[in-house]
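User: I have a structure open and want to go through its charge pairs and its packing. Can we start with the terms?
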Amino acid sequence: MAEKVLFSWIGDTDLRAAISDMPLDAPISSTLANFSFDRVILLCSYPKARSTPYIEWLKRQTVDAIESYQETLVSPVDFESIFHAADKHLSTFKKANVDISILLSPGTPAMQAIWILLGKTKYSARFYQSSKEQGAQEVKIPFEISAEYTPSATKLTSTQLTELTNDGVSSSAAFENIITQNPVMERLKHQAEILAKREVPVLIQGETGTGKELFARAIHNASPRAGQPFVAVNCGAFPSELVDSMLFGHKKGAFTGASADRQGYFQQANGGTLFLDEFGELEPSVQVRLLRVLQEGVITPVGAVKEESVNIRVITATHRNLMQAIHDRHFREDLFYRVAVGVLSLPPLRERQGDISLLADALLMDMAKQDVALADKKISINAKNIILSQSWPGNIRELRSTLLRASLWSSEDAISADDIKQALFDRPQNNTSLLDKDISQGIDIQNIISDLVRHYIPKALAHSNGSKSKAAELLGLKNYQTLTNWMDKYDVK
């Protein structure tokens, strides 16, 4: 059964109810007197000197669990700071089994507007209001909206919608083809443009599907090497026995099957740019040979006795944390610092505020150019809200394939929410909630406790820089000795 959670700002009428000699029809207390909730989340922009006595008073008026949070706003009518405060608290319940409700009455009109925006788009909430004339009641908002917070909207030209991010990246891709209105992405574009003009190696980091090749091609096309070859290579696809031949080429007769001379990727990219995608997948033995080439600018084809000079710019990309790989001795530190001169870390799509709706529309427009049957397709409001609610672990590549499936299956001009739901994949959950395990099948409560201990103690120690006393305090334990006993009991390293 879903947990019922009510969200509300604390208003001036609510605060005055706690100190009034006469009963007041204050929105929060009136609503709690008429409706029951498992938890009540109250946000307050008033000083704590006023809010603390009110919270204590309210707890005496209801059996509902009350939580209050102080929020510092630019002003009570500043939409941006109100949005961030409300979204921050609502987002903590987004993936939980929760029935979200919002009390609209307390606070300023700006606060009410933000509640409606969030409750009708990202969080699918119920709404309540309370007045002296009508009392407390659930209300229906008789319209549908779709909206995404856009920190700094910019006007986009039609040419920006012609090239899309990952799959099938155009050879002429340029920075204006990177579709975004997100400040972080705009800054990365600016940094990449600076790197393009300089002959330095570039490392592009980011999850799969975030647009690493698009950035690499844009850097090449904006560089002095633009008229020279751009060779893209997937390092994760190298057969170990053919790595040297693929990278550095081979001579006829160098091994069985070598019926002719063959240029390697370094020779093919000579004078231009070599893009080594999935760079973190290279085996240690290959890393050594690659380091020498990058340091000295010479290669030796398999079966050759003479070295060849190559003049290339290297751009590498990886979804792995190479610093962690260095720590684990899976990646050479000297090679890392050779390629990581200019570093760009691309954010995942879920962190690109303002871009998901923009990209969805642009991707659909691009697909329509490739298939005239999709020319009139649009994304409905409800479908867009489903899109905005997803975390998109496959990033832009996953968004594109989902939209393609949904558009092909949709029989109407507008892609519906059901079309999007059908196009999404059900992802298995890593862990069943600790409170949702099937007791009828039996459980091992000691293992559950052990998992919790092994999960949180290392986090507390890391947060406290190894101090057991501080870690014990964070975990609610009496002292560091208690923490040590728990670590010994559950074999926490």
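Analyst: A salt bridge here is a side-chain nitrogen of Lys or Arg within 4 Å of a carboxyl oxygen of Asp or Glu. The model is predicted.

User: How many salt bridges does a search of the whole structure find?
Analyst: The search finds 21.

User: Which residue does Lys-122 form a salt bridge with?
Analyst: Its partner is Asp-87, with the closest N and O atoms 3.0 Å apart. The pair links distant parts of the chain, 35 residues apart: Asp-87 is in helix 4, and Lys-122 is in the loop between helix 5 and strand 5.

User: Is Asp-87 buried or exposed?
Analyst: Asp-87 counts as buried because its relative accessibility is 11%, under the 20% cut-off. Lys-122 is partly exposed, at 27%.

User: And what does Glu-207 pair with?
Analyst: Glu-207 forms a salt bridge with Arg-350, with 2.5 Å between the closest N and O atoms. These two are 143 residues apart, each in a loop. Glu-207 is partly exposed at 27%, and Arg-350 is partly exposed at 39%.

User: Switching to packing. How many residues are in the largest nonpolar core?
Analyst: That core has 33 residues, and Phe-238, Phe-266, Leu-274 and Phe-279 have the most contacts inside it. Helix 10 gives the most to this core, with five residues.

User: What is Phe-279 in contact with, leaving aside neighbours within four places in sequence?
Analyst: Its contacts include Cys-235, Leu-290, Leu-322, Phe-331, Leu-335 and Val-339. Apart from this core lies another, of 27 residues, among them Ala-362, Leu-364, Ile-386 and Ile-396.

Notes
Residues are numbered from 1 along each chain as its sequence is written. This is a predicted model: local features need pLDDT of at least 70, side-chain atom pairs count only at pLDDT 80 or more; totals for chains, interfaces and linings use all residues. Side-chain values use heavy atoms; hydrogens and water are left out. A nonpolar core is a set of buried Ala, Val, Leu, Ile, Met, Phe, Trp, Tyr and Cys residues joined through side-chain atoms within 4.5 Å. Buried means under 20% relative accessible area, exposed over 50%, partly exposed in between (1.4 Å probe, protein chains only). Helices (H or I, at least four residues) and strands (E, at least two) are DSSP runs, numbered from the N terminus. Contact means heavy atoms within 4.5 Å.
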